[in-house]
Amino acid sequence: MVQDIKLCVSELATNALLHGVPPGREFSVGIHRDEGLVRLEVRDSGPGLPVVRQPDNDACSGRGLHLVRELADDFGIDDHVVGKTVWLVFKTPTTPEPAPS
C-alpha cells in the first residue's frame, strides 16, 4: 500500500504542476492518517476540474487519474472558489505492513 500511495502522490503532484498551477502559484500536498484510513489531498489554485480520461492505447499520457482512481478505495474532487482539491482515500490494514526491503 505504501508504494501505491507514493505513486498516487507523484501522479497528483505532477498533474497539479502540469495542469493546475498558474505561473507564480504553488500547490500543496497533504497526507492524513486516521484510524483505518489514509487520506491524500493535492490542492492547486488553477481553474477547471480534472477529467478521468480513457486514452488511446498508443497515447503517451492521460492515464494518471484513471490509475489513481483504480488504486484508491475512494476518490473525489472538491471545487473551491479558487482552485480545487483532488483527494484519495486508502483503507489501511489492521496489522502494520512490513517495511519494503
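Me: Contact means heavy atoms within 4.5 Å. On that basis, what share of the contacts with a separation of 6 or more comes from residues 24 or more positions apart?

Reply: That share is 54%. A note on the source: this is a predicted model, with residues numbered from 1 along each chain as its sequence is written. Local features need pLDDT of at least 70, side-chain atom pairs count only at pLDDT 80 or more, totals for chains, interfaces and linings use all residues, and side-chain values use heavy atoms, without hydrogens and water.

Me: OK. How many helices and strands does the protein have?

Reply: Two helices and four strands. Both are DSSP runs numbered from the N terminus: helices are H or I with at least four residues, strands E with at least two. Along the sequence the pattern reads α-β-β-α-β-β.

Me: How much of the protein counts as buried?

Reply: Of its 101 residues, 29%. Buried is under 20% relative accessible area, exposed is over 50%, and partly exposed is in between (1.4 Å probe, protein chains only).

Me: Start with H1. Which of its residues are buried?

Reply: Ile5, Cys8, Leu12, Ala13, Ala16 and Gly20. They sit on the same side of H1, because they cover an arc of only 125 degrees around the axis. The arc is taken from the directions from the helix axis to the C-beta atoms.

Me: What do those buried residues pack against?

Reply: Three elements: S2, helix H2 (64–71) and strand S4 (84–91).

Me: And which exposed residues are on the face turned away from the buried side of H1?

Reply: Leu17 and Leu18. Worth a look on your screen.

Me: Now H2. Which residues are buried there?

Reply: Gly64, Leu65 and Val68. Their arc around the axis is only 90 degrees, so they are on the same side of H2.

Me: What covers them?

Reply: The cover includes H1, strand S3 (74–79) and S4.

Me: Switching to single residues. Where is valine 42, and is it buried or exposed?

Reply: Valine 42 is in strand S2, which runs over residues 37–44. It counts as buried because its relative accessibility is 3%.

Me: Who does valine 42 touch, beyond residues up to four places away in sequence?

Reply: Leu12, Ala13, Ala16, Phe27, Ser28, Val29, Lys84, Thr85 and Val86. Among these, Leu12, Ala13 and Ala16 are also buried residues of H1.

Me: How far is valine 42 from serine 28?

Reply: Their C-alpha atoms are separated by 5.7 Å. Along the chain they are 14 residues apart.

Me: What about proline 50: where is it?

Reply: Proline 50 is in the loop between S2 and H2. It counts as partly exposed because its relative accessibility is 26%.

Me: What is proline 50 in contact with, leaving aside neighbours within four places in sequence?

Reply: Leu65, Ile77, Lys84 and Val86. One of these, Leu65, is buried in H2. Lys84 and Val86 are also touched by valine 42.

Me: And how far is proline 50 from alanine 16?

Reply: C-alpha to C-alpha, 9.6 Å. In sequence they are 34 residues apart.

Me: Last one, threonine 92. Where does it lie?

Reply: In the segment after S4. Threonine 92 is buried because its relative accessible area is 15%.

Me: Which residues is threonine 92 in contact with?

Reply: Leaving aside neighbours within four places in sequence, Met1, Arg33, Gly36, Leu37 and Val38. Leu37 and Val38 fall within S2.
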